[in-house]
Amino acid sequence: MSGAAPGEAPGGGRYGEAVFRPEQTGEGERIDFGALAYDDTTMARLRALGAGPGWRCLDVGAGTGTVSRRLLEEAGVASVLAVDRDVRFLEARPMPGLDVLEADISAPDALTGVFSLVHARFVLMHLPERERLITALADLVTPGGVLVLSDAIDLTSDRTPDTPYSSVMRAMWQGLRTGIGTDVSWVPSYPRLLRAAGLVSVAAEVHVPPLLPGSPISRFWADTWERSRAAMVATGLVDDTAVDEAVRYLGSVECAALSAGMLTVWGRKPAASV
């Protein structure tokens, strides 16, 4: 029996093919809803870590390029190499200093060079071999530079009261794990993995955007559920009626729940000894 291809779940699926296909109408807008919920927090952290003039940056899994462009426009970095397996959204809005590379980072030696900042958000959670990939990304950081990883952490648990929202979120995580290999159980171990990759001054923070009717994060989850509906129903934990009820609940004033959090972890490559 042959193993899964690079970046592929054991079941044969992968992000962007089995679900969340970039050619599907509205996928760019779904990604942008997530950006509206998280970009300000991401940019505040990157700038606090020193991102600014003279920095050469790598943005892995850049999506529609919102972070890449803000690094150039707001932080004034020298350049950003924006990488994704599908670059249609990045190529749609070129700008000076933004270079685009279509690549699968799970392939050996997919990326080369050194960067002041290596940033990956909501990427590693969808890929196998996370430890190897973290080491590979750390190797791309120049001495004195920083690696910044952000991924989701699931705040639903067995002790969370059953609501339409919590039931569907549990089904979503299970369906994505079975279908495309998404696994957020690894994410809390990122600080240890960055230290193991040789980085220092490792630290972390969590951001949980509020679930409010019509908010970007609420619209992101509703759209995500619609696009992963088949995988969720296939778990047997929910049916179509339950998904429809959860979408209505999420958009109502009755919704009282925690969104999945975004855990951001960073570490610095030790400066070269004089």
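Leaving aside residues up to four places away in sequence, which residues does Val-123 touch?

1. Val-123 touches Val-60, Gly-61, Ile-105 and Asp-151 when residues up to four places away in sequence are not counted, a contact being heavy atoms within 4.5 Å. The residue is found in the loop between S4 and H4, where helices (H or I, at least four residues) and strands (E, at least two) are DSSP runs, numbered from the N terminus. With a relative accessible area of 12%, Val-123 is buried, the classes being buried under 20% relative accessible area, exposed over 50% and partly exposed in between, with a 1.4 Å probe and protein chains only. Its C-alpha atom is separated by 25 Å from that of Val-243, 120 residues apart along the chain.

2. On the basis of the coordinates: this is a predicted model, in which local features need pLDDT of at least 70 and side-chain atom pairs count only at pLDDT 80 or more, while totals for chains, interfaces and linings use all residues. Residues are numbered from 1 along each chain as its sequence is written, and side-chain values use heavy atoms, with hydrogens and water left out.

3. Most residues other than glycine have a negative phi. Phe-122 counts as partly exposed at 26% relative accessibility, and Glu-129 is partly exposed with a relative accessible area of 47%.

4. The structure holds four aromatic pairs, where rings of Phe, Tyr and Trp (its six-membered ring) pair if their centres lie within 6.5 Å, and planes under 30 degrees apart count as stacked, over 60 as edge-to-face and the rest as tilted. The rings of Tyr-38 and Phe-122 have centres 5.2 Å apart and planes at 65°, so this pair is edge-to-face. Because Tyr-38 lies in helix H1 (residues 27-48) and Phe-122 in the loop between strand S4 (115-121) and helix H4 (130-139), the pair ties together parts that are 84 residues apart in sequence. Tyr-38 is buried, with a relative accessible area of 4%.

5. For Tyr-165 and Trp-225, the ring centres are 5.9 Å apart and the planes stand at 55°, so the pair is tilted. This pair links distant parts of the chain, with Tyr-165 in helix H5 and Trp-225 in helix H7 (residues 216-227), 60 residues apart. Tyr-165 counts as buried at 2% relative accessibility, and Trp-225 is buried with a relative accessible area of 0%. Elsewhere, Trp-173, Phe-220 and Trp-221 form one aromatic cluster.

6. The largest nonpolar core has 61 residues, and those with the most contacts inside it are Leu-58, Leu-137, Leu-147, Leu-149, Trp-173, Trp-221 and Trp-225; such a core is a set of buried Ala, Val, Leu, Ile, Met, Phe, Trp, Tyr and Cys residues joined through side-chain atoms within 4.5 Å. Helix H5 (residues 164-180) gives the most to this core, with eight residues. Apart from it lies another core, of 22 residues, among them Met-43, Leu-71, Val-146 and Val-148.

7. The axes of H7 and helix H9 (residues 240-250) come within 10 Å and cross at roughly 170°, axes being lines fitted to C-alpha atoms, for helices over the stretch in contact, with angles from 0 to 180 degrees between N-to-C directions. The two helices H7 and H9 are therefore roughly antiparallel to each other, a class for angles over 145 degrees, with under 35 counted as roughly parallel, 65 to 115 as roughly perpendicular and the rest as oblique. Ser-218, Trp-221, Ala-222, Trp-225 and Glu-226 in H7 meet Val-243, Ala-246, Val-247 and Leu-250 in H9.

8. Helix H2 (residues 66-75) is mostly covered, eight of its 10 residues being buried, including Arg-69, Arg-70 and Leu-71. The buried residues of H2 pack against H1, strand S1 (56-60), strand S2 (79-84), helix H3 (88-91), strand S3 (98-102) and S4.
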